[in-house]
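This briefing is written to be read beside the sequence and the model.

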Amino acid sequence: MSGQSTYVPQTGFTRWLDSRLPIVRFAHDTMLTFPTPRNLNFWYAFGAILTFCLGVQIVTGIVLAMHYVPNENMAFDSVENIMRDVNYGWLLRYVHANGASMFFLAVYVHMFRGLYYGSYKAPREILWILGVLIYLLMVITAFMGYVLPWGQMSFWAATVITNLFSSLDQISGGLKVGTHVATWLWGGFAVGDPTLNRFFSLHYLLPFVIAAVVGLHIWALHVPGNNNPLGIDVKGPQDSLPFHPYYTTKDAFYVGLFAILFAVLVFYAPEFVGNPDNNIPANPLVTPADIVPEWYLLPFYAMLRSIPQKLIGVIVLGGAILTLAFIPWLDTSRVRSNRFRPLMKQFFWVFVVDCLVLGYCGSQSVDASLHLGGIEVSLVWIARIGTAYYYAFFWVLMPVIGLIETPKPLPDSIAKSVLGPAE
Amino acid sequence: MAATSTTAEPTRRDFIYIATGAVAAVGAAAAAWPLIDQMNPSSAVLALASIEVDLTPIQVGQSITVKFRGHPLFVRRRSAKEIAAAKAVAVSELPDPLARNENLPDDAPATDANREIKAEWLIVSGVCTHLGCTPNAFEGDFGGWLCHCHGSMYDTAGRIRKGPAPQNLAIPTYSFLSDQRIKVG
């Protein structure tokens with residue numbers, strides 16, 4: 001951790017403990033005195049908010065697992081039992097199901113925040129990549145969790161996503177590697193009871209893996225310390241504040257606001273993000289008319305559907321997430337924060353809109369079109385343009401703009417920027 | 001290896017290092033395999049029986065769906081018009097030129113005749129070759145099936161004609177036990 005430890009044990013017991021297991025010192029240095037840039041704004045509260053989300057999901061998930069039955073004939077009924085008969089079961093399940101959405105809402109804000117302020121740039125590349133890994137684990141965990149209620153959407157989401165692997169058949173010739181991988185994932189020739197069982201096992205396991213990677217993420221954060229909205233380094237004690245009480249209170253306040261939004265969703269619109277078709281028990285013989293993933297995966301779904309070739313579609317889908325891991329080296333700018341990057345800032349906001357447009361395209365049916373000023377535009381084509389911009393933003397704009405842009409002058413220090421030049 | 005600073009010749013210690021490492025690697029792989037293979041279909045799943053389908057109640061122009069090895073299977077009694085439409089297409093126009101018929105060799109071309117045993121009866125898997133949804137019969141541009149998930153269209157011989165699916169609907173092994181009864185699998 002940066003800086004010397006300032007912890008001084010006050011009692012006989014803590015002195016005794018400190019020379020054996022310095023756990024109190026560790027907590028003191030990482031959570032109380034940790035020097036934090038004094039200019040962190042609202043957007044920096046999402047780390048704490050995400051920790052809150054992970055905690056909520058793990059706690060509600062553990063108790064839901066006490067009532068859920070991972071069997072193809074009983075899973076749907078056991079969820080109904082949780083909703084109707086288990087004491088507060090409705091609350092626990094609604095918190096858990098909507099908690100996934102709140103978790104993704106927070107993680108997207110957190111990611112866009114990192115993207116805007118250049119928090120992936122040296123020396124925070126590992127920190128960023130660990131974040132991408134956490135996001136990927138979240139996607140896998142959420143997908144498996146979505147399968148567990150064994151409704152129609154659960155079943156067909158499982159079918160479509162596991163079939164993504166069958167595209168490997170197209171490059172493995174007669175070996176049919178993709179089919180073998182899909183069969184291995186299913187434990188049968190279709191999504192069925194063995195699939196449900198293993199998804200439950202992994203859905204229980206992965207959150208703890210996420211928690212472990214979050215530990216690494218925070219460790220990697222505490223080596224260089226936080227980035228900040230100015231994107232300049234902390235140059236001395238005048239630029240930082242101790243984490244406690246300054247950021248513990250600030251984070252707690254925003255976690256509170258977030259919890260209010262969370263509660264509004266759970267208590268007033270608990271089915272808002274859900275799909276009504278998932279209240280129909282899984283039927284392997286009938287696919288719902290329109291299958292749509294949960295909102296947080298819609299942009300990627302739009303990319304998949306916009307490509308008419310199966311294997312390439314799957315590669316574009318996977319590549320979109322994999323690309324994120326390369327950002328630290330794709331951005332050639334010497335300035336971190338978009339506050340001082342007049343050109344990049346514009347493309348950044350276009351990128352945010354692009355992600356929303358892709359999400360919209362993914363939510364509509366395959367053959368939908370949009371009437372723009374009397375012209376009919378197929379959504380597939382809008383999604384294709386959106387996909388092209390997504391890739392171009394990272395692989396073309398980031399390296400090129402970093403080289404040709406003239407950034408605005410950076411402030412001398414965080415302290416001067418916050419307190420004014422008077423001192 | 002470790003001892004090369006004192007001699008260029010491999011020593012007995014180098015040999016022991018490599019031998020130990022090799023044994024450990026083989027042991028780890030052997031220990032991992034049961035953990036991996038347990039996810040493959042179990043004996044109970046593999047023992048799934050074949051099914052028989054009674055064709056008597058199916059009218060001309062009707063398509064029914066039965067469950068076969070956990071998947072939907074379409075049994076369609078084609079009208080003369082549908083058969084003619086399927087026969088009229090040249091194999092060269094098809095995105096997937098192979099019959100995908102388990103009753104025929106792997107390289108059989110996707111002519112209409114290679115897609116059935118009897119022209120009137122089309123027996124095809126109900127699993128879209130794109131991402132595994134179940135297509136709807138009598139929809140799409142070609143009158144066969146339309147998959148609502150991602151827009152793949154199949155013709156009246158179950159062949160892919162348009163959309164992201166790479167292959168024709170698969171045809172499982174089946175035989176006619178009598179004129180009105182088939183055995184699938």
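Which residues of helix α3 (residues 80–87) of chain B are buried? They are E82(B), I83(B) and A86(B), where buried means under 20% relative accessible area, exposed over 50% and partly exposed in between (1.4 Å probe, protein chains only). The model is predicted: local features need pLDDT of at least 70, side-chain atom pairs count only at pLDDT 80 or more, and totals for chains, interfaces and linings use all residues. Residues are numbered from 1 along each chain as its sequence is written, chains are lettered from A and ligands numbered from 1 in the order in which they are written, and side-chain values use heavy atoms, with hydrogens and water left out.

**Helix α3 of chain B**

- The buried residues of α3(B) fall within an arc of 100° when seen down the helix axis, so they line one face of the helix; the arc is that of the directions from the axis to the C-beta atoms.
- Helices (H or I, at least four residues) and strands (E, at least two) are DSSP runs, numbered from the N terminus.
- The buried residues of α3(B) pack against β3 (71–77) of chain B, contact meaning heavy atoms within 4.5 Å.
- Exposed residues A80(B) and K81(B) sit on the face of α3(B) turned away from its buried side.

**Domains of chain A**

- Chain A is assigned domain 1 (30–285) and domain 2 (292–410), with bounds from an automatic or database domain assignment.
- Contact between the domains of chain A involves 42 residues of domain 1 and 37 residues of domain 2.
- The area buried between domain 1 and domain 2 of chain A is about 3,400 Å², with 66% from carbon and sulfur atoms; buried area is the accessible area (1.4 Å probe) that two parts lose on being put together, summed over both.
- F112(A), Y116(A) and K121(A) supply 20% of the area that domain 1 of chain A buries against domain 2 of chain A, more than any other three residues.

**Contact between chain B and chain A**

- Chain B gives 28 residues to the contact and chain A gives 27 residues.
- About 2,400 Å² is buried between chain B and chain A, 65% of it on carbon and sulfur atoms.
- On the side of chain B, M39(B), L131(B) and H150(B) lose the most area to chain A, together 27% of what that side buries.
- The count between chain B and chain A is 0 salt bridges, a salt bridge being a side-chain nitrogen of Lys or Arg within 4 Å of a carboxyl oxygen of Asp or Glu.

**Salt bridges**

- Over all chains, the structure holds 18 salt bridges.
- D331(A) and R341(A) form a salt bridge, with their closest N and O atoms 3.3 Å apart.
- Both D331(A) and R341(A) lie in the loop between α13 (327–330) and α14 (342–363) of chain A, so the pair ties together parts that are 10 residues apart in sequence.
- D331(A) is buried at a relative accessible area of 5%, and R341(A) is buried at 1%.
- K416(A) and D412(A) meet in a salt bridge (3.5 Å, N to O); K416(A) is partly exposed at 44% relative accessible area, whereas D412(A) is exposed at 55%.
- In chain B, the side chains of D155(B) and R159(B) meet in a salt bridge (3.1 Å, N to O), and both residues are buried.
- K121(A), D331(A), R341(A) and E405(A) are joined into one network by salt bridges that share partners.
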